[in-house]
Amino acid sequence: MRAIRHRRRSIPALAALAAAAVAAPVLLTATPAAAHPREGRLAKELVEEVTAKGASRHLKKFQQIADANGGNRAAGTPGHAASAAYVYDTLKKAGYQVSYQDFDVYEAHTKAERTTVLGQDSRELATAAFTFTTSTPAGGLAAPLALARVDETPGCTADDYPAGAFAGKIALVKRGACTFVEKQRAAAEAGALGVIVYNHSGTTPVRGGFSSPAEGVIPSAGITLADGEALTAAAAKGEVRVRLDLDQEHVRKTTRNVIAETRGGRSDRVVTLGAHLDSVPEGPGINDNGSGSAGLLEVALKLADEDADKKGKGPANKVRFAWWSAEELGLLGSEHYVAQLSEKQKKDIALYLNFDMIASPNPVQFVYDGDDSDKTGEGAGPAGSAQIEALINGFLDKKGKPHEGSDFDGRSDYGPFIANGIPAGGTFTGAEGVKTAEQARRYGGAAGAPYDPNYHGAGDTLENLDLKAFDTNLDVIAHAVGTYAQDLSSLGK
């Protein structure tokens, strides 16, 4: 699961070069049976056959690959390439139609990130260069500060930048409400030479970024809330000059998605599931997201076994599994995939299910809030998302498993599908969010501790998983695949 860089509801198509391009803890009650189809034979059989023990062989393989390749499986690295090859070869042997989808990504290497307040009391501020920012001229960019208006949408629109006040200056903007791209563009259009975003909470600098170097228009960096407020107070009394010094190199690499689909089934009623295969550079990514990747792979193999047992008389609807690359760089693999689809191909996708981090060591059972019943964050998903949520909740209720909603906050690969009107859903077990006392009572585990203390770190290994949570979510995947492969009636299809 990608870190929070910025919130975005409508996720634009990736503008990269192509090489061939915590919600509120509300316990949801059981959904009426009429809200989702009855469990069919295929769903029952897949749930029985798919186990955490079976899927753990894939987790072990991902760990071995990371260990042999510098400790990670990040996009554009040998570790990711080996992971993709393992998934591809395994599915090919199982009889799937499998393909690679190559696209280009960039890596940002920051060499300098400094903000210096100039004058008699010169001082240097803790600074974080935005990922894929443009660099300042050698020696830095020295200019007066200009303050963007602070309101409910600080620095997001043109009227936050009074005419003529920002030309040749560095904009100081408060974090919040819109994307870093939008803040940067608004500042640039007002004539600012650079932009500094200060945090809205905490004691650390804003760590923002863009999806690719193409989105970087002017030098952009983040500072802390305290430093931002101090600069704002000083600038209100008179001119404050700063030097922004950013030096960042952008290295282009090629990576690939893996796409596999059943040979049979209606191609105009495609059941699509995805999980990102890449880790962050800091660790092997066995929970994030080896867990979702292994879960999809194991369900896909059991579905192939079912098809073989029925002598090719497989699911009524085509089932397509996807292992995305570069999710950790900004959902780039799924964005690239959706951007390459024709309008007809988009319409042929009946739904998208996403599984990202499903074995967190201090887990909560989150289900994406398709109907926005929690009234938190970004609102409901496209039509059909509520029914997907109902199917998953109904299954968990039947199993006696507690669960709660999670907002479609744009942090994982459902984003590009939602942006194109495709109903979506799925589960995850938590990232860096902190477990509440009520959640600890309901699910067990440690209150006041992160759902995954090893999130985006070297400790995200085979040893730091909750296999019971993994098993529950494998059953969710198996049940959803078995149901939708045969019956889309709950979605009105």
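Colleague: Where is the place of Leu331?

Modeller: This is a predicted model, in which local features need pLDDT of at least 70 and side-chain atom pairs count only at pLDDT 80 or more, while totals for chains, interfaces and linings use all residues. Residues are numbered from 1 along each chain as its sequence is written, and side-chain values use heavy atoms, without hydrogens and water. Helices (H or I, at least four residues) and strands (E, at least two) are DSSP runs numbered from the N terminus. On that numbering, Leu331 sits in the loop between strand 10 (317-324) and helix 7 (332-339).

Colleague: Is Leu331 buried or exposed?

Modeller: Leu331 is not a glycine, yet its phi is positive, near 60°. Buried means under 20% relative accessible area, exposed over 50%, and partly exposed in between (1.4 Å probe, protein chains only). With a relative accessible area of 0%, Leu331 is buried.

Colleague: What is the relative accessible area of Asp372?

Modeller: Asp372 also has a phi near 60°, a positive value in a residue other than glycine. The loop that holds Asp372 runs between strand 12 (366-368) and helix 9 (385-398). Asp372 counts as buried, at a relative accessible area of 14%.

Colleague: Which residue does a cis peptide bond join to Asp288?

Modeller: The bond in question has an omega of about 5°. Its second residue has its place in helix 6 (residues 286-309). The residue joined to Asp288 is Asn289.

Colleague: How many bridges join strand 1 to strand 8?

Modeller: Two strands pair if DSSP finds at least two bridges between them. Strand 1 covers residues 97-117, strand 8 covers residues 241-261, and the two run antiparallel. One of the partner pairs is His109 with Glu249 in strand 8. The number of bridges joining strand 1 to strand 8 is 20.

Colleague: Which residue takes a positive phi in the hairpin of strand 1 and strand 2?

Modeller: Strand 1 and strand 2 (residues 123-125) run antiparallel and are joined by 3 bridges, with Thr115 opposite Leu125. The hairpin has 5 residues between the strands. The residue there with a positive phi near 120° is Gly119.

Colleague: Which residue in strand 7 is the bridge partner of Ala128?

Modeller: Strand 3 (residues 128-129) runs antiparallel to strand 7, with 2 bridges between them. Strand 6 runs parallel to strand 7, with 4 bridges, and Val195 stands opposite Ser220. Ala221 and Ile223 point one way from strand 7, Ser220 and Gly222 the other way, and all are buried. The strand 7 partner of Ala128 is Gly222.

Colleague: Which strands do the buried residues of helix 4 pack against?

Modeller: Helix 4 spans residues 180-189, and its buried residues are Phe180, Val181, Lys183, Gln184, Ala186 and Ala187. Just after helix 4, Gly191 takes a positive phi of about 100°. Taking contact as heavy atoms within 4.5 Å, these buried residues pack against strand 5 (170-174), strand 6 (194-198) and strand 7 (220-223).

Colleague: What radius of gyration does the protein have?

Modeller: The protein has 12 helices and 14 strands, and 57% of its 493 residues count as buried. Its C-alpha trace spans about 80 × 45 × 45 Å along the principal axes. The radius of gyration is taken over C-alpha atoms, and the globule rule is 2.2 Å times the number of residues to the power 0.38. A compact globule of 493 residues would be near 23 Å, and the protein agrees, with 23 Å.
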